[in-house]
Amino acid sequence: MDFRELHRGDRPLVLPNAWDFASGAALVQAGFPAIGTTSLGVAAAAGKSDATGDTRAETLALARALSRLPVPVTVDVEGGFSDRAADVADLVTELASFGIAGINLEDGRADGTLAPLDHQLTVIGAVKRAAPQVFLNARTDTFWLGDPDRDETLRRASAYAAAGADGVFVPGIVDDADIRAVLEAADVPLNVLYLPGKTEYERLARLGVHRVSTGSLPFRKALQAAVAAALGVTGADGDRPAPSYADVQRLVSDR
């Protein structure tokens, strides 16, 4: 099925996020109709921190490999790995040449601020002109960074949609009222991040959310399972929680 059509079904598209070819292939074998990538997993697997704009080469290499899979693939490109709109457009054009179906493009910066709205609109416009066939999921970090800001979320979501974004992604959004407000403000598919105990799939389906991403959760659970398996050989207790996003960031930055 066409990637865009997967966002228009009776139920939200569950998009699991891979960090290497094997994880992507396993998710496809499990029956998922599309997969994404996780920037944390890609960065950490390379021994790098997430969201620093330092994994362009790794992201392209993984995208090229995942393009062999028989389902649509969408790639997390962080902020596009450049402040220049033309560079981001070139990146997405290259991804399109592999057959990549979509991208996530975020407005959060490594210093915890948001990219200026006019800059982000320029980037979105440049990408859509260069590769109109690629589903551009415009991520805003208005809930992910600091205190949730509904008004700024609505302003950015509607502006991104008007600039040509094919969908909007608001990681960290949880409350029904906030989700409904974004759905009303931007007439494009809404992507919500799955947060255990906070964003239950059935509730998101009832609200009309179009896509639910797993983010870094599968990668972090894989780390948990690897440690447990190794400790199990020694007879040691491997029952420990999955590392958090911050735990993984510290794991790679402390080395």
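The dialogue below treats a strand, its partners, a helix and the nonpolar core.

Reply: This is a predicted model, in which local features need pLDDT of at least 70, side-chain atom pairs count only at pLDDT 80 or more, and totals for chains, interfaces and linings use all residues. Residues are numbered from 1 along each chain as its sequence is written, and side-chain values use heavy atoms, with hydrogens and water left out.

Me: How many residues of strand β5 are buried?

Reply: Helices (H or I, at least four residues) and strands (E, at least two) are DSSP runs, numbered from the N terminus. Buried means under 20% relative accessible area, exposed over 50%, and partly exposed in between, with a 1.4 Å probe and protein chains only. In β5 (residues 102-106), 5 of the 5 residues are buried, so the strand is largely enclosed by the rest of the structure. Gly102, Asn104 and Glu106 point one way, Ile103 and Leu105 the other way, and all are buried.

Me: Which strands are joined to β5 by bridges?

Reply: Two strands pair if DSSP finds at least two bridges between them. Strand β4 (residues 73-76) runs parallel to β5 and is joined to it by 3 bridges; here aspartate 76 stands opposite asparagine 104. The chain crosses from β4 to β5 through helix α4 (residues 85-98) in a right-handed β-α-β crossover. Right-handed means that, with the strands pointing away from the viewer, the path from the first strand over the helix to the second runs clockwise. Strand β6 (residues 135-139) is also parallel to β5, with 5 bridges between them, and leucine 105 stands opposite alanine 138. From β5 to β6 the chain passes through helix α5 (residues 117-130), and this β-α-β crossover is right-handed.

Me: Which residues of the largest nonpolar core touch the most other members?

Reply: In soluble globular proteins, nonpolar side chains tend to be buried together. A nonpolar core is a set of buried Ala, Val, Leu, Ile, Met, Phe, Trp, Tyr and Cys residues joined through side-chain atoms within 4.5 Å. Of the 53 residues in the largest core, Leu95 and Ile103 touch the most other members. The largest share of this core, 8 residues, comes from α4.

Me: Which residues of α4 are buried, and what covers them?

Reply: The buried residues are Ala85, Val88, Ala89, Leu91, Val92, Leu95, Ala96 and Phe98. Their cover includes α3 (56-66), β5 and α5. Just after α4, glycine 99 takes a positive phi of about 100°.

Terms used. Contact = heavy atoms within 4.5 Å.
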